[in-house]
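I opened the notebook to jot down a few backbone and packing details. Here is what I looked up.

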Amino acid sequence: MRQYNALINNKLIDNGQWLEIINPATLTVAGKVSALSAKDINDAFKVARKAQKAWEEKTLLDRINALKKFRDLIDQNKQEISKIISEEIAKNLKESLAEVVRTIEIIDYTFEEAKRIEPSAFTGEGMGAQNKIGIFSRVAKGVVLAISPFNYPFNLALAKIIPALVMGNTVVFKPATAGSLVGTFLSKLVIESNLPKGIFNIVTGRGREIGDIITSNPEIDMISFTGSVGIGNQIRKNGSTTDLVLELGGKDPALVLDDLNLDKYCDEIINGAFGYSGQRCTAVKRVLVSNKIADKLVPLLKAKLESLSVGMPKDNAFITPVIDEKSADFIQTLIDDAKEKGAKIVTGDKRKKNLMWPTLIDNVTLDMKVAWEEPFGPVLPIIRIDSIEEMIEISNNSQFGLQASIFCQDISKAIQTAKKIKTGTVNINSKPSRGPDSFPFLGIKDSGEGVQGIRESLLSMTRYMGLVINY
Ligand code: NAP
Ligand code: G3P
């Protein structure tokens with residue numbers, strides 16, 4: 001039985017309280033992690049504050065070199081780490097390993113990009129202050145709280161933790177409960193890599209029990225959060241005086257504007273909607289298409305969907321159980337609501353506990369919940385709309401504004417349409433995606449605030465420090 005400890009000041013915490021982590025595929029206990037008290041959490045922030053000054057005073061290269069051993073231990077343990085991910089979130093083994101490899105690539109790119117965060121120089125001449133030169137550097141904000149979601153428990157954790165540390169901040173990290181095993185697996189790697197005490201602390205426990213204690217701690221200088229809109233709004237309330245980067249939910253539309261490459265469009269839509277069983281914030285969560293094209297598109301989508309393997313992560317099934325039965329129940333309510341209101345189930349609508357067969361729903365209308373709500377599961381609604389103007393209007397009426405996809409061979413038409421879509425990013429002829437990780441990644445409206453992506457994360461965890469020289 002896996003049993004890992006929280007980490008405070010490079011000490012493994014054992015307060016006798018444990019939190020069981022359930023394997024969503026077997027619905028058995030995958031392992032246990034520490035369940036911290038309010039005192040433990042306050043201690044974590046105190047040591048992070050205490051360690052921050054000395055860590056920031058190291059040179060950038062010294063900080064990067066100190067982190068390289070930690071990075072190498074991740075690489076050496078990548079098979080074990082991917083196995084843990086798979087056991088605790090039912091992500092298939094192939095995708096779990098891909099998550100770890102992608103994380104190592106992010107770490108390496110972050111080390112290099114940090115060296116390109118140069119000071120900016122300003123002259124006062126334009127404002128009649130010709131005797132002043134301003135040199136503005138980026139310096140650490142201080143103590144960063146990093147909170148990650150269950151669906152990329154390793155990647156979306158280190159994509160926050162590493163830039164924070166590289167730029168001289170110290171970190172308190174709260175993994176998702178379903179993600180805490182892989183989160184606390186890092187405790188031993190921190191110790192083994194001899195990172196300075198207290199720069200990287202890992203606190204565990206159920207968010208609903210310790211979340212408010214964590215996010216209202218006075219030592220926090222910046223919170224980087226990825227998760228649901230509801231929790232994001234709660235953090236906005238608690239951390240109101242703190243710098244925030246929030247990556248929240250999505251309802252990414254796919255607008256299909258022609259039928260000139262339907263096979264490719266379908267591959268992108270299927271992978272975009274059903275990768276990791278639809279549990280991705282950037283998943284395609286609605287298709288907007290005219291009747292004429294839909295009559296060709298839907299049968300193609302159906303055929304591709306029915307060819308996807310459904311089963312267990314250990315067998316590398318494409319569709320695996322969703323994170324828990326509560327999520328499966330919610331997803332089912334959206335399917336049932338659509339059926340009751342006259343939608344057509346093209347395929348799917350079948351489940352065994354939290355294993356849900358991929359479901360394609362046609363003739364979805366705007367009075368149905370699945371047209372607007374985020375299932376975070378293997379469900380895709382088709383909304384048949386003939387005019388592009390109405391597709392754009394429906395796309396923009398959503399509370400969300402993460403990403404969108406436009407499928408169209410006429411690039412100028414695609415760009416003209418994309419410019420009217422209110423999301424952080426619009427993908428032309430590909431599924432929505434957070435990658436490549438060197439790109440800025442952002443959501444607007446309820447999908448978040450601030451920007452991630454390697455360079456943007458480095459900048460968001462720093463502030464200007466200006467030197468004005470008078471001569
Ligand atoms: P969640 O339920 O919001 O949880 C996210 C994180 O917040 C977890 O670590 C959770 O811990 C913690 N948390 C819970 N209550 C808290 C509180 N009161 N204060 C502080 N932290 C608290 O989200 P999830 O279920 O992990 O992920 C699914 C949602 O996240 C979806 O809406 C998805 O769209 C969104 N998401 C967005 C992105 C993006 O990049 N935009 C990426 C991934 C996921 P516990 O697990 O212990 O509750
Ligand atoms: O939901 C996770 C979000 O970060 C999407 O990542 O790379 O699957 O588009 P990706």
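**Entry 1, asparagine 316.** I began with how open this residue is: asparagine 316 is partly exposed, at a relative accessible area of 35%. My cut-offs are under 20% relative accessible area for buried, over 50% for exposed and partly exposed in between, with a 1.4 Å probe and protein chains only. Asparagine 316 sits in the loop between α10 (291-306) and α11 (325-340). Its phi is near 60°, a positive value in a residue other than glycine. I noted the background too: most residues other than glycine have a negative phi, and most peptide bonds are trans.

**Ground rules.** The model is predicted, so I ask for pLDDT of at least 70 for local features and 80 or more for side-chain atom pairs, while totals for chains, interfaces and linings use all residues. Residues count from 1 along each chain as its sequence is written, chains are lettered from A and ligands numbered from 1 in the order written, and side-chain values use heavy atoms, with hydrogens and water left out. Helices (H or I, at least four residues) and strands (E, at least two) are DSSP runs numbered from the N terminus.

Lysine 353 lies in the loop between β16 (351-352) and β17 (355-356). Is lysine 353 buried or exposed? It is exposed, with a relative accessible area of 54%.

I checked the peptide bond from glycine 435 to proline 436 and found it cis, with omega near -10°. Proline 436 belongs to the loop between β22 (425-428) and β23 (441-442).

Helix α2 (residues 60-76) packs on helix α6 (residues 180-192) at about 135°, the axes being 9 Å apart. That makes α2 oblique to α6; angles under 35 degrees count as roughly parallel, over 145 as roughly antiparallel, 65 to 115 as roughly perpendicular and the rest as oblique. Which residues make the contact? From α2 I listed Lys69, Phe70, Leu73 and Ile74, and from α6 Leu186, Leu189, Val190 and Glu192; contact means heavy atoms within 4.5 Å.

In helix α8 (residues 229-238), I found Val229, Gly232 and Ile235 buried. They cover an arc of only 120° around the axis, which puts them on the same side of α8; the arc is taken from the directions from the helix axis to the C-beta atoms. The buried residues of α8 pack against β8 (143-147), α7 (207-215), β11 (222-226), β12 (243-247) and β20 (400-401).

How values were computed
Axes are lines fitted to C-alpha atoms, for helices over the stretch in contact, and angles run from 0 to 180 degrees between N-to-C directions.
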